[in-house]
Amino acid sequence: MSSKIRYKIIPIILAGGTGSRLWPLSRKSFPKQFLNLLDDGKYTMLQKTYKRIENLENITAPIVICNEEHRFIVGHQMKEINVEPLEILLEPEGRNTTPAITIAALKALDIFKDKNIEPILLILSSDHEIKDINNFHLAIKSSINVALKDENLIIFGVPPTCSATGYGYIKSEKQLDHNEYNPIKVEKFIEKPDEKTAEFFIKDKKYAWNSGMFVFKSTAILNEIKKFAPEVLKNCEKCLKNSRVDLDFLRLEKNTFLNCDNIPIDIAVFEKTNKAFVIPLNCGWDDIGSWKSLWEISKKDNNGNSLIGNVLAKDIKDSLIRSENKLVVAIGLENTIVVETKDAVLVANSKFSQYVKNVVSLMKSKGFNEAQNHKVVFRPWGSFLSIEDGSTWQIKKIEVNPGASLSLQMHFHRSEHWVVVNGTAKVEVGNIEKIIGPNESVYIPLGAKHRLSNPTKLPLTLIEIQSGSYLGEDDIKRFEDKYGRENN
């Protein structure tokens, strides 16, 4: 039967989320899926997600679903690996996996509607680590055969290696053989259990960790969503009709999307349908949900330490120490997490690494900007780093990519002074346009229309000194913007 069906595997990469358990490296402004957490090469977690499946037979470019504020990061990282996504869908706000998967299934059907091709969706999270790519491919190939029969829905179940309380579990009707890829009917799902229950689960081969990865035909999942979550389907259909193209992105219409229930697909559909199967996935999977889990899968020295960056360690054991900038010196520590960034340092007993998320929530409630934002802020034209600030002044280092330019803009509450330290800048202030190089500067008065561009093929670096009564990033009026950003 399956040999007569023309199909394509459409990777659906879920790239939302903030990864707050990996603070201070992962934050809302630049979360873990866009980082190279393992320091094992040049690819980020998002890039690895596609790279590890790009050679599968019948695979297509991905559909990526992300938060609106991360759209240019996603676009840039896909271009770095020479991938042009079928679509980058921008969520106005995260509503869990059911609305995201519904939108993706509808979009996949629309893309292939005139090509006589059955879209099979491979749902992937963008922040997972998988060590055994060959076994991963074998599991996917097995799932495709199952998905092509009788509208079946597949979830991958990972063999538990410890009594983890941070994962959800799948209970199958029969015992799973994790050395095979045989599908077994799903009996039920169990959300994060307590320690005693988790210890029971790892002894019973009917239980597996919920990987959050799925395979099914677009038509199959939509039929089950229509049956068990009809309002989500109605809102998603309406949302797609009212969505609009924004450069290389599809901006989902906000009101109808937010009308969708905030619910994961395993609860909305997989717990209720009789078409759900679990396929064992024994491939060295980890969702890197905490600093301790990152330590567990990292390369370690003879003392069990993962040391990354400018680190000097003496009498250290079973610890993760990571420096992004400064020299970190550690003495006489055991089972400790130390992570240094430009503006924050985390020091924690590794046993408490799951509680980092709670501390981030506490910081947010107390108004700490560091809870969500990095010192380095990425923009479609490059990035800026806040070096120092006071109540009426601020100093930034601005990096402008070759050929890029900021919007034509003005500010109501501040003036600016730009000093080029490397490269060549094209500057427009009012009706005056000039080219300036290293050690040259220009002044932008409050209220003046201005634009900064890099007309060369080399990076541009400058220092910006702001002065005024209000220095927030929302003090900007855009007149022209090549990246399609809306005026505040």
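**Close-ups of the cysteines and a helix pair**

**View 1. C66 is a buried cysteine.** C66 has a relative accessible area of 0%, so this residue counts as buried. Keep in mind that the model shown here, and in the other views, is a predicted one.

**View 2. C162 is a partly exposed cysteine without a disulfide.** C162 isn't in a disulfide either: the nearest cysteine sulfur, in C283, sits 15 Å away. With a relative accessible area of 38%, C162 comes out as partly exposed.

**View 3. Helices α3 and α6 pack against each other.** Here we've moved on to α3, which covers residues 97–111, and α6, which covers residues 218–228. Their axes lie 9 Å apart, at an angle of about 135°. That makes the two helices, α3 and α6, oblique to each other, and the crossing of α3 past α6 is left-handed.

**View 4. The residues where α3 meets α6.** On the α3 side, the contact is made by I101, T102, A105, L106, A108 and L109. Facing them from α6 are S218, T219, I221, L222 and I225. Sort the contact between α3 and α6 by class and you get eight nonpolar residues, three polar ones and no charged ones.

Key. Residues are numbered from 1 along each chain as its sequence is written. This is a predicted model: local features need pLDDT of at least 70, side-chain atom pairs count only at pLDDT 80 or more; totals for chains, interfaces and linings use all residues. Side-chain values use heavy atoms; hydrogens and water are left out. Buried means under 20% relative accessible area, exposed over 50%, partly exposed in between (1.4 Å probe, protein chains only). A disulfide is a pair of cysteine sulfur atoms within 2.5 Å. Axes are lines fitted to C-alpha atoms, for helices over the stretch in contact, and angles run from 0 to 180 degrees between N-to-C directions. Helices (H or I, at least four residues) and strands (E, at least two) are DSSP runs, numbered from the N terminus. Angles under 35 degrees count as roughly parallel, over 145 as roughly antiparallel, 65 to 115 as roughly perpendicular and the rest as oblique. A crossing is left-handed if the near helix is turned anticlockwise from the far one by less than a right angle, and right-handed if clockwise. Contact means heavy atoms within 4.5 Å. Ala, Val, Leu, Ile, Met, Phe, Trp, Tyr, Cys and Pro count as nonpolar, Asp, Glu, Lys and Arg as charged, and the others, Gly among them, as polar.
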